[in-house]
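Please look over the sequence and the fold below before reading on. The report that follows begins with a single residue and then widens to the chain as a whole.

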Amino acid sequence: MSNFEVILCIVNTGFAELVMDTARKLGARGGTIINGRGTASKEAEKIFNITIQPEKEIVMILVSSEIKDGILKGLYDAIGVNTPAQGIAFTLPVDDVVGIGSDKQAK
């Protein structure tokens, strides 16, 4: 079992660097930015009282489980839904990792 998690952060286009700057200040080493497009309905916009911009950036950041909560809190403050970035962030567990300081061999 790994002691890593992946943080996925979805923000309006143009805010991925703010995500990475925030995460780095809190201990992350780097991440991957992917361009995407949102599909939320007008109904969802009304329910959450936010404007959905279709062009998005998705930032994937692999972090140690120990620093995950601090990074999520920092992201909420910097790019949360009440900011121009209108970001959301969530984590997923990572079962195994190779290539980042691990002595494990690929199976």
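In this predicted model, E5 is found in strand β1, which covers residues 4–12. Is E5 buried or exposed? Because buried means under 20% relative accessible area, E5, with its relative accessibility of 15%, counts as buried. The side chain of E5 is joined to that of T91 by a polar contact of 3.3 Å. Leaving aside residues up to four places away in sequence, E5 touches I61, L62, V63, S65, K68, T91, L92, P93 and V94.

One of these partners, L92, has its place in strand β4, which spans residues 88–93. With a relative accessible area of 39%, L92 is partly exposed, and together with V81, I88 and F90 it forms a nonpolar patch on the surface, whose members have about 310 Å² of accessible area together.

The two residues can be set side by side:

| Residue | Strand | Relative accessible area |
|---|---|---|
| E5 | β1 (residues 4–12) | 15% |
| L92 | β4 (residues 88–93) | 39% |

Turning to the whole chain, there are three helices and four strands, and from the N terminus on these elements run in the order β-α-β-α-β-α-β. The chain has 107 residues, of which 34% count as buried, and it exposes about 7,000 Å², with carbon and sulfur atoms supplying 55% of that area. Among the contacts between residues at least 6 apart in sequence, 74% join residues at least 24 apart.

Definitions and conventions:
Residues numbered from 1 in each chain as written. Predicted model: local features only at pLDDT ≥ 70, side-chain atom pairs only at ≥ 80, totals over all residues. Heavy atoms only, no water. Helix = DSSP H or I, 4+ residues; strand = E, 2+ residues; numbered from the N terminus. Buried < 20%, exposed > 50% of the residue type's maximum accessible area, 1.4 Å probe, protein only. Contact = heavy atoms within 4.5 Å. Areas by Shrake-Rupley, 256 points an atom, 1.4 Å probe, with all protein chains shown as cover. Patch = residues over 30% accessible without salt bridge, like charges linked within 9 Å, V, L, I, M, F, W, Y side chains within 5 Å. Salt bridge = Lys/Arg side-chain N within 4 Å of Asp/Glu carboxyl O. Polar contact = N/O pair within 3.5 Å; in protein donor to acceptor, adjacent residues only side chain to side chain.
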